[in-house]
Amino acid sequence: MTHCDPDWLDEGLVHLWRPYTQMKTAPRPLPTRATRGSRIVLADGRELVDGIASWWTAVHGYNHPALLDAAARQLSQMPHVMLGGLVHEQACRLAARLAAIAPGDLDYVFFSESGSVAVEVAMKMAVQYWRNLTGETRARFACFRGGYHGDTFATMSVCDPEEGMHALFADALPVQHVADLPTDEAAAARLETLLAAHDDIAAVIVEPLVQGAGGMRMHDAATLRRLRALCDAAGVLLIFDEIFTGFGRTGAMFAAEKAGVAPDVMTLGKALTGGVAPLAATVASRRVFEAFYDDDPGKALMHGPTYTGHALGCAVANASLDLFEREPRLAQVEALEKALRAALGPLAASPAVADVRVLGAVGAVETARPFDVEALRAWFIERGVFIRPLGQAIYLAPAYTIGAEDLAALARAVADAVERLEAAA
């Protein structure tokens with residue numbers, strides 16, 4: 001089948017520097033003209049069932065009318081105004097709503113434009129917290145193997161140091177304290193020793209329940225409870241990076257709820273606006289906020305993105321929260337989890353599969369051997385699905401609203417990929 005490219009593609013593509021892409025050798029990207037529901041419409045008219053919701057953002061499906069209407073109303077009124085000396089309704093309403101639904105006393109919301117920046121802000125909060133409170137310089141963090149927290153310099157330093165994505169910058173990054181997740185008592189004891197041995201640690205940072213970009217690696221709620229206890233005993237802050245897990249992905253509004261613990265700082269992004277506009281948030285506890293609340297202007301949080309509290313983004317995020325309130329999103333995630341277990345679980349019997357993991361609206365099939373990721377991505381596209389494996393993990397993280405037929409198409413494609421890998425072994 002011949003696919004004709006639109007006129008704009010060649011003219012613009014030569015100038016467009018794409019993410020995570022070796023521009024000389026990468027496959028030609030797919031020109032796209034529309035989205036709807038759980039489908040991506042290509043310029044040549046083909047439709048792909050999206051198995052990853054545009055990097056896990058479009059939880060309500062694409063083009064939900066409530067989100068588009070909110071964007072249109074805000075766009076006509078005030079797309080953006082700086083928060084330096086000014087404020088607007090959408091940011092105030094969204095901050096109050098996030099504080100109301102966040103676990104524990106996470107009551108203070110700082111807005112930014114991306115998840116990486118939200119984590120940067122959390123890290124800056126943690127360092128400045130200790131300086132404001134005690135005068136100490138605590139400029140290091142404890143983080144975990146398999147973790148991913150962003151692509152900016154500070155966030156790269158708390159990612160898994162062995163991941164190829166960031167290994168290139170190792171010499172330019174601050175050295176952090178990297179540990180194994182405390183998934184058992186032995187690992188917890190090692191982390192306890194690490195925290196006790198280093199008085200330079202400002203905070204521990206973790207992706208709760210699922211390490212997303214690291215390959216959908218999952219751990220249980222007991223791990224998070226151990227982390228909370230260890231941080232309390234050592235007197236360090238605990239940061240939950242819920243940029244992937246927040247807003248229902250694990251089956252609760254926030255992964256923290258499933259563990260019954262609250263961090264000192266939580267980062268949010270991706271699904272915050274349902275995939276319609278860039279927006280992220282760093283939410284701090286009263287304990288953290290009060291270290292900045294002072295007559296001394298030098299104790300103010302020293303951060304201020306140009307588009308912080310972006311009015312258009314905040315309006316869409318408020319509309320997204322409305323959808324969580326009036327539509328059965330968490331029930332849909334529960335149903336998705338059952339469907340993913342039923343569809344992917346039997347694949348564990350294949351010799352090509354090392355593990356099958358499902359939690360909420362995330363399903364991952366870990367293969368027993370490495371495979372050609374780009375070739376498999378292209379094969380999925382020819383099958384009419386958009387699935388992008390990470391390392392040896394073939395995973396699904398679709399919209400919560402995906403229909404049964406589209407979900408079945410995704411599951412069939414994964415099963416057929418496993419059969420293909422088994423035959424090639």
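The model is predicted, so to speak of local features we need pLDDT of at least 70, side-chain atom pairs count only at pLDDT 80 or more, and totals for chains, interfaces and linings use all residues. Residues are numbered from 1 along each chain as its sequence is written, and side-chain values use heavy atoms, with hydrogens and water left out.

Let's start with the domains. The assignment, which is automatic or from a database, gives domain 1 as 7-63 + 328-424 and domain 2 as 65-326. Contact (heavy atoms within 4.5 Å) takes in 27 residues from domain 1 and 32 residues from domain 2. Together the domains bury about 2,300 Å², 67% of it on carbon and sulfur atoms; buried area here is the accessible area (1.4 Å probe) that two parts lose on being put together, summed over both. On the domain 1 side, Trp56, His60 and Leu359 lose the most area to domain 2.

What is the count of salt bridges between the two domains? It is 0, taking a salt bridge as a side-chain nitrogen of Lys or Arg within 4 Å of a carboxyl oxygen of Asp or Glu.

By that rule, though, the count comes to 24 salt bridges. One of them joins Arg39 and Asp406, at 2.6 Å from N to O. Asp406 is buried at 11% relative accessible area, while Arg39 is partly exposed at 26% (buried is under 20%, exposed over 50%, partly exposed in between, with a 1.4 Å probe and protein chains only). Both residues also belong to a salt-bridge network with Arg36 and Glu47. Thanks, everyone!
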